[in-house]
Amino acid sequence: MNMVLNIGYLYPDLLNLYGDNGNVEILAYRARKYEMDVTFTNIDLTGAVASADLAKVTLLFMGGGPDSSQRAIYQDLIKNKAGFLQDYILAGKTGLYICGAYQMLGKYYKDAVGSILNGVGVFDLYTEHFGKSKPRCIGNTSATLNTMIFQDPVFPKTPLGNQIVGFENHGGRTFLGESAVPLAKISKGHGNNSKDGTEGIVYKNSFGTYFHGPFLSKNPHVADYLIFKATGSTGDTIKKLPVLDDSLIYVAHTASQKLKQ
Amino acid sequence: MRLFLIKTLAKVTQGLINLFSLGTGYTWPGHLVLKLFPNVLAVPSLLPAHGVVLVSGTNGKTTTSKLITHVLRKQGFTTISNESGSNLAAGIVSALCLNNKSDYGVFEVDEFVLPYVLKYVAPAYLVLLNLSRDQLDRYGETDTILDRWKDALARFFGSTTLVLDATQPKLSDLPQVFKGVSLFFNDDTTLLEHTLLKGDFNAKNLNAALLVLTGLGVPEEAAIKALSDFSAAWGRGETLEKNGTRFRILLTKNPTSFNNNLSVIAGDENLRGSSLLFILNDNIPDGRDVSWIYDIDTKLLAAPVEGRSVYVSGTRAFDMAVRLNYAGITVPRDNVIPNLNSILEKMYGQSISAKVSTSTAAAEVVVLPNYSAMLELREKLIGRKIL
């Protein structure tokens, strides 16, 4: 029997800023190549989602969105989805949370005039927008993944090693709490706050990042890591999977390393 | 007196640029004039006698402006436009300063710059075509642009008629904030049959142009007749030939224009068997963030590729090749070449051998470039710079 990957996509219509949905397509594409059965559960604004559907989700994705969409989903997120998200993340189930989603899972967001918007509170971090006193963080990025992830036996060994590349575009700056572990160490770009060199967060099997848009497109090792984690794959099962030809992606990744910030 | 000074300054600047062969430098005189006379657009005698038409929106600006200009000229009017697509303030100022006074001015205006232009110029017609996601790193979110438009229109006075796409829900609030008259066009495709243009998006451009033209007093029948020989604006469906290879260029600068053009290719019998060349750059005018290529409809992307050779070039060629890969299209590694000259050399060669084997006419390549890539390609095929 084939392994099953059920991708839960939070607010697919509203939180899809600049190619974010590419990540879902990429995960599905790769999982199908690995001969897994891929199903989708879209979780949107319209009312409560059947808990049976939510229980099926093995890989949760939530992207960024324009400010207006983030305002539109905020009440629903805090009122109807926060409980599910906390349970899901605390239970160690797999998820990828990008930009606005990453911020909203933290403790709070302090905007440019100092008002506080509470987050889901499952990640030990807060985000602050410094208004016009600090420029937006925009540009090409690269970073080195946390050793904890890289040394996980399930993490794919590829020519890309522990490197990740992407593009960031965020106004808020995120500060990790004492207990939080960064996803990566930034080598090009601003990362969490352009100060402490951290980028993103890893908490149990949840991953938050400012690398926006189609983050997984040039980071196939991270895409596979998410798929393997979500399906509970082990070294033995992974060995039996078909080998994908990622040579072109490796060239694209290497070319991205050379881009100016 | 002041106008004379400004125009002389602009013309001297252009003269110097030409003298020292500093490129075409079309926008330089405008930059300089704006630096010295920031309010230059408020000088009434600088503006054309019968009035100005401004066209803005994410997609269709160049084609719609060209349609209006084409008909006005055929009606015997003189017009000024920023035809080379220099649609920021400096490009418009350059056009006004470097040309003799004309009957009409028809300008395409960058979405972001529009509020600034509206501070000084009260156009007879203001055409707002659409707003979709484009260059997030440069423009911000579309909501930000829409807010800037609303702000500008709310403060705006003058005898301007607003021309809007009735099928764009995003734009539906604008007539409420605007104090003047609003007219609406739709996506009716009847006019397409009278022209050489293709694609439903061009039907909208035609309808918008016709609304402006009849408003300016051109009889509808005469306008439609004048449109029948309109050839596409450069890079928007134009065809250029070099070394026995015919390149049909379809500008694809954001997800909407990409999806539109992919539908045109898939549906056009005449393009069957042509090769496909994608060119993706990340220069400043394109936006440096190419994430948007994942907003292209995957099914539309896969459809035209079947049975065609695919080539990929541009500063972000590998990103585009990976995007195609995730749409299920495997591009041979040898067909991915960032350098445009190198890939063109390769394609000329291949098309010539194809020609010998089938002994048909010139081999056809459909090119999907984004903005700076389109300019670069035209330069290579025509042999001179246009901007």
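In chain B, the centres of domain 1 and domain 2, taken over C-alpha atoms, are separated by 29 Å. This is a predicted model, in which local features need pLDDT of at least 70, side-chain atom pairs count only at pLDDT 80 or more, and totals for chains, interfaces and linings use all residues. Residues are numbered from 1 along each chain as its sequence is written, while chains are lettered from A and ligands numbered from 1 in the order in which they are written.

Student: Which residues does the domain assignment give to domain 1 and domain 2 of chain B?
Tutor: The bounds come from an automatic or database domain assignment. For chain B, that assignment gives domain 1 as 2-227 and domain 2 as 236-382.

Student: Which helix gives the most to the side of domain 1 of chain B that touches domain 2 of chain B?
Tutor: Contact here has C-beta atoms, placed from the backbone, within 7 Å, and 14 residues of domain 1 of chain B are in contact with 14 residues of domain 2 of chain B. Helices (DSSP runs of H or I, at least four residues, numbered from the N terminus) H3 (61-74) and H6 (136-139) of chain B each supply at least two residues of that side of domain 1. The one that gives the most, with 3 residues, is H6(B).

Key
Contact = placed C-beta atoms within 7 Å.
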